[in-house]
Amino acid sequence: MGMELQLEGRTALVTGASQGIGRGSAKCLAAAGVKVLLSARRTNLLDELADEIEAEGGPRPEVVGADLLAPRAAYKLKDDALKILGHVDILVNSAGRSKNPDAPGNMPFDAPDEIWDTEMLINYGVIRQLSLALVPSMVEQKYGRIINITGKTEPRDMRTANPPKAAVHGWAKGLSRQIARHNVTVNSIPPGKIVSEQILRNYTKEEMDHTSKWIATGGFGVAEDIGHLVTFLSSPLARYITGAVIPVDGGFRRYAY
Amino acid sequence: MTQDWQLKGKTAVVTGCENVIGKAISKALAGEGVSVIAVANDQGVLDAAVKETGAEKGICVDYTDAGSAASVAKQAGGADILVNATAGLKTAVNTPIDIADAAWKSEMTTEFEFPRALTHALLPGMTKNAWGRVVTIVGGSEPYDLGVEYAASGALQAWSKGLCRPIGRQGVTINCVQPGLIKGTKAASEYVHIVTERTEDPMIPSGEPGEPEDVAYSVVYLCSPLAHYITGIVLPVDGGLGRQQH
């Protein structure tokens with residue numbers, strides 16, 4: 001007998017679902033029969049994605065607009081999600097960014113606090129708030145899967161994204177130990193170079209070719225490469241995987257363990 | 001809704017089939033339509049494992065013999081998938097510091113040198129086909145005491161990471177799966193205190209040892225074409241047992 005995902009009828013909240021990895025994760029989950037609530041700022045893109053998923057035969061997703069940098073946004077999104085979906089089995093924390101669009105990539109040491117505080121909030125604080133807001137209901141229903149899309153932990157230079165994404169890894173590991181007995185798992189996926197709107201904005205063609213030389217598989221990945229793993233981790237098949245950091249990067253990172 | 005892991009018709013060699021983990025992996029791969037060759041070091045155990053798992057056939061080998069890896073590769077005649085699962089076969093708690101060199105080398109050969117040599121022997125066929133999967137079961141990264149398994153585990157992880165680079169562009173991935181305490185293994189019987197102590201705040205956050213199938217599902221996932229962009233990683237399947245956070 002084959003290995004079944006057993007995800008039909010489950011529900012998922014996916015943040016950052018308008019593009020990139022969030023979008024790819026939502027598509028893969030829906031293809032496995034999950035009812036997905038798509039969240040992002042740009043609801044027009046979410047509506048388009050909902051149409052696309054429905055046309056491909058998945059359960060029609062719901063849509064909710066959210067600007068996660070607004071005050072108490074995570075708590076409002078939790079309330080919206082429980083109201084719209086009834087309950088949440090799976091949370092994919094995909095909203096985040098590798099850099100503040102208004103700040104330089106390589107941060108000067110005297111950069112203002114405001115930039116650091118904002119990036120810490122969007123890449124770590126909101127993930128912690130939203131996850132902890134949903135954990136009690138996951139513990140109660142004896143099923144929960146929290147999957148954080150993070151980033152590599154080998155800083156090339158002074159990037160605002162590295163400290164908060166490492167913070168997510170440490171926090172997720174601690175949380176995983178508290179809630180594992182209730183069949184709620186918490187895992188993090190640091191993606192490598194995945195073709196997305198953000199990457200296309202930040203990389204020239206020459207830079208992509210140069211970076212590809214350092215990727216073992218020889219090129220950039222696509223959002224679905226992450227989405228398939230998100231779907232596997234969401235399944236009962238992966239119940240014994242928790243507190244893990246699982247790179248999907250074509251062999252980009254260097255450290256062995 | 002039936003998930004297609006796209007493995008039908010592939011061939012696999014699975015070592016360590018004297019252990020519950022190797023057997024569960026053979027069975028899970030066979031369940032996806034993979035033609036499995038099971039490998040173990042005892043003919044009677046092997047015959048039973050082949051029957052139990054639905055493997056196509058078995059190869060009996062003494063892992064510590066010179067040329068054993070080359071012999072297995074030759075008898076198998078190539079494979080799309082290699083699962084190295086000889087880790088932990090000889091785990092012993094509190095290895096004495098005056099352990100005889102021969103004993104250390106024998107275990108290191110079983111757990112590191114044999115899987116390394118077998119992988120290198122089967123890789124040319126995989127790169128020629130522009131498709132291949134190597135998954136190696138490794139021991140813990142947090143030694144509880146002196147044990148050859150920990151040294152072998154470190155060696156396997158560093159070797160696997162290095163090897164992912166020269167073969168990555170040929171459609172071959174190589175990854176490690178790191179089980180925690182799994183029911184029916186030698187380690188689970190020797191580290192009983194980890195399971196039974198601290199019941200209020202258990203050492204295993206999930207609360208109990210895992211099933212061999214938990215490990216097997218992850219191996220099947222990594223072997224699937226869906227996981228083509230995952231290479232050079234170490235995936236813990238341990239119910240949260242390991243403490244390292246990255």
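Visitor: What makes helix α3 and helix α4 of chain A a packed pair, in terms of axis distance and angle?
Guide: In this predicted model, the axes of α3 (residues 73-85) and α4 (residues 113-141) of chain A come within 8 Å. They cross at roughly 35 degrees. Two packed helices are described by just that pair of values, angle and distance between axes.

Visitor: Which residues make the contact?
Guide: From α3(A), A:A73, A:A74, A:Y75, A:L77, A:K78 and A:L82. From α4(A), A:V126, A:Q129, A:L130, A:A133, A:L134 and A:S137. By class, the contact has nine nonpolar, two polar and one charged residues.

Visitor: How do you know whether chain A agrees with a compact globule?
Guide: For 257 residues, a compact globule would have a value near 18 Å. Chain A has 18 Å, so it agrees. The C-alpha atoms fill a box of roughly 45 × 40 × 40 Å.

Visitor: What makes a residue of chain A buried, and how many are?
Guide: A residue counts as buried if 20 or more other C-beta atoms lie within 10 Å of its own. In chain A, 53% of the 257 residues do.

Visitor: Which element of chain B supplies the largest share of the side that touches chain A?
Guide: The contact takes 39 residues from chain B and 39 from chain A. On the chain B side, α5(B) gives the largest share, six residues.

Terms used
Residues are numbered from 1 along each chain as its sequence is written. Chains are lettered from A and ligands numbered from 1 in the order in which they are written. This is a predicted model: local features need pLDDT of at least 70, side-chain atom pairs count only at pLDDT 80 or more; totals for chains, interfaces and linings use all residues. Two residues are in contact if their C-beta atoms, placed from the backbone, lie within 7 Å. Helices (H or I, at least four residues) and strands (E, at least two) are DSSP runs, numbered from the N terminus. Axes are lines fitted to C-alpha atoms, for helices over the stretch in contact, and angles run from 0 to 180 degrees between N-to-C directions. Ala, Val, Leu, Ile, Met, Phe, Trp, Tyr, Cys and Pro count as nonpolar, Asp, Glu, Lys and Arg as charged, and the others, Gly among them, as polar. The radius of gyration is taken over C-alpha atoms; the globule rule is 2.2 Å times the number of residues to the power 0.38. A residue is buried if 20 or more other C-beta atoms lie within 10 Å of its own, exposed if 12 or fewer, and partly exposed in between; C-beta atoms are placed from the backbone.
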